[in-house]
Amino acid sequence: MSLSVDVYVVGAYGQRNVQDVPDGCSDSAGFESWRTQVWGADVVRSLGAVFLPVLAEADLQVEPEQVPAFLRECLLLRGNLESIVGGTEPVRTIEEHREAISERLAIIEDTAKRAKALGGGVLIW
């Protein structure tokens, strides 16, 4: 299994409508094990992250008004990528681990930017 990251918009009756992933985009937020091994890892928490560590316990729903703060958290993690790589266990080489985290973080950031443009939220499940 793998984690998916999607944009949702709130419908007229308050329902969450998950949007299709645009052509050329990915919805991969990492492996299911990354809930605890990366996004919920102690090193991520120690940086002050509050959104992504939720994945260690449950799916993450970022409300539309929270998306700017979520994007700031993504920037925080990107700025501390080396600490995250060093504080989490690589599946393969360190370089592959760094690249995998960076790629998944870029996908999450791209999804959050699309959500912001639509006035929607982000769902990682």
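**A close look at helix 3**

Modeller: In helix 3, the buried residues are V67, F70, L71, E73, C74 and L77. Buried here means under 20% relative accessible area, exposed means over 50%, and partly exposed lies in between (1.4 Å probe, protein chains only). Viewed down the axis of helix 3, these buried residues fall within an arc of 155 degrees, so they line one face of the helix; the arc is that of the directions from the helix axis to the C-beta atoms. The face turned away from that buried side carries the exposed residues R72, L75 and G79.

A word on the ground rules. This is a predicted model, in which local features need pLDDT of at least 70 and side-chain atom pairs count only at pLDDT 80 or more, while totals for chains, interfaces and linings use all residues. Residues are numbered from 1 along each chain as its sequence is written, and side-chain values use heavy atoms, with hydrogens and water left out. Helices (H or I, at least four residues) and strands (E, at least two) are DSSP runs, numbered from the N terminus.

What covers the buried residues of helix 3? The cover includes helix 2 (42-46), strand 4 (60-62), helix 4, helix 5 and strand 5 (121-124).

The length of helix 3 agrees with expectation, because its 13 residues at 1.5 Å a residue should span 18 Å and its end C-alpha atoms are 18 Å apart. The expected span is 1.5 Å times one less than the number of residues.

Next comes N80, in the loop between helix 3 (67-79) and helix 4 (81-87). N80 is partly exposed, at 23% relative accessible area. A polar atom of its side chain lies 2.8 Å from the backbone oxygen of L76. N80 is also 9.7 Å from V43, C-alpha to C-alpha, although 37 residues separate the two in sequence.

Helix 5 (residues 94-118), for its part, holds R104. R104 is buried, with a relative accessible area of 18%. Its side chain makes a polar contact with the side chain of S28, at 2.9 Å. Such a contact is a pair of N or O atoms within 3.5 Å; within protein, one must be able to donate a hydrogen and the other to accept it, and residues adjacent in sequence count only if both atoms are side-chain atoms. Leaving aside neighbours within four places in sequence, R104 is in contact (heavy atoms within 4.5 Å) with S28, A29, G30, W34 and W39.
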